[in-house]
Amino acid sequence: MSGHETGGEPTDWESWSQSWKHHHLLGLELHSAEEIQSILDLAELFAQASQEGRNRLTLLRGFTVANLFFENSTRTRNSFSLAAKRLGADTVEFSSAGSSTSKGETFIDTAKTIEAMGVDAVVVRHATPGTPHLLAKHLSCSVLNAGDGPHEHPTQGLLDILTIRQHRGSLKGLTVGLIGDIEHSRTARSNIWGLQKLGAHVIVCGPATLVSRRWKQLGVETSHRLDDILPRCDVLNLLRIQFERQTMRPFPSVHEYGLLYAMTKERLARSKPDVLILAPGPINRGVELTSEVADGHHSVILHQVANGISIRMAVLWLLLGRRVASESFARG
Ligand code: CP
């Protein structure tokens, strides 16, 4: 069904999904600049529809989206679930805790079992890099990567980039600093792929134990001195220290990390006057940033959260929408 009204004009939702070539969303490394811009543009239309009070679209009525989360999540899981519901789809919520994986069922068998319940898309988060790519080989339904270890978190990258685009108009020519635990960050990789494709200059900055020189191979600038790069950055994305992925402590103490890398009001005063502060979350107040910065007027952290829903609506619609016309009779 097309012709949902947006701002008085009918939006031809179907044309968006008809032109989309991919069956899965595995990582931003695999998508062109034009495709990334399309996702952002469609997300803006869904956001506009929500702002106009149309939170209950029926575009994916009869479809089912399963969340398969083998790691904890607040933002990604709930916003994928809300996105599916706002498109009219049903959702299945799977958590490894309390499931039959504790009885020895393999990951692939678990995923195939969920798919056999009539699922059209699987959203997967797992600690092992490449898990969504493996699932895509074993399942017929669409697979969306909700974070695979330290590899990629494509919808996080997209919502970060959308937030920046909304506040700056374009990514072209901007300098974006990714600060903190780059080594273990899937958000860093997805940001790097997406931001560079859209014309931004990326600096990754953190302790040498968390920012090795090999990051230069991805085309980014590296730095170990936040105070040196602050005046050049239009955007600072403050990444969480991922202690759960570290085999050795990368710095003597959180206090010492904070002295060199935490975003404080003193550092804000030495930044560009209109610098944007992003954080993918979960945020650790007093570690990556102080409360004054997290809650201050440069912060767009809650805009990122809100954008997560429209980005996830966009990717679900792009992956599943072209099946609506062909299957509408079967699905009623
Ligand atoms: N940013 C992010 O992935 O947050 P969650 O772990 O809460 O999903």
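A polar contact here is a pair of N or O atoms within 3.5 Å; within protein, one must be able to donate a hydrogen and the other to accept it, and residues adjacent in sequence count only if both atoms are side-chain atoms. The model is predicted, so local features need pLDDT of at least 70 and side-chain atom pairs pLDDT 80 or more, while totals for chains, interfaces and linings use all residues. Residues are numbered from 1 along each chain as its sequence is written, and side-chain values use heavy atoms, with hydrogens and water left out.

On to the ligand. A backbone N or O atom of Arg-75 sits 2.9 Å from one of the ligand's oxygen atoms. For Thr-74, a polar backbone atom is 2.8 Å from a ligand oxygen, and for Ser-73 a polar side-chain atom comes in at 2.6 Å from a ligand oxygen. Of the 260 Å² of accessible area that the ligand has on its own, the protein covers 92% (Shrake-Rupley method, 1.4 Å probe).

The shell (residues with a heavy atom within 4 Å) includes Arg-125, His-153, Gln-156, Pro-280 and Gly-281. By class, that shell has one nonpolar, six polar and two charged residues, with Gly counted as polar.

As for the overall layout, the automatic or database assignment gives domain 1 (5–152 + 308–324) and domain 2 (154–305). Their centres, taken over C-alpha atoms, are 26 Å apart.
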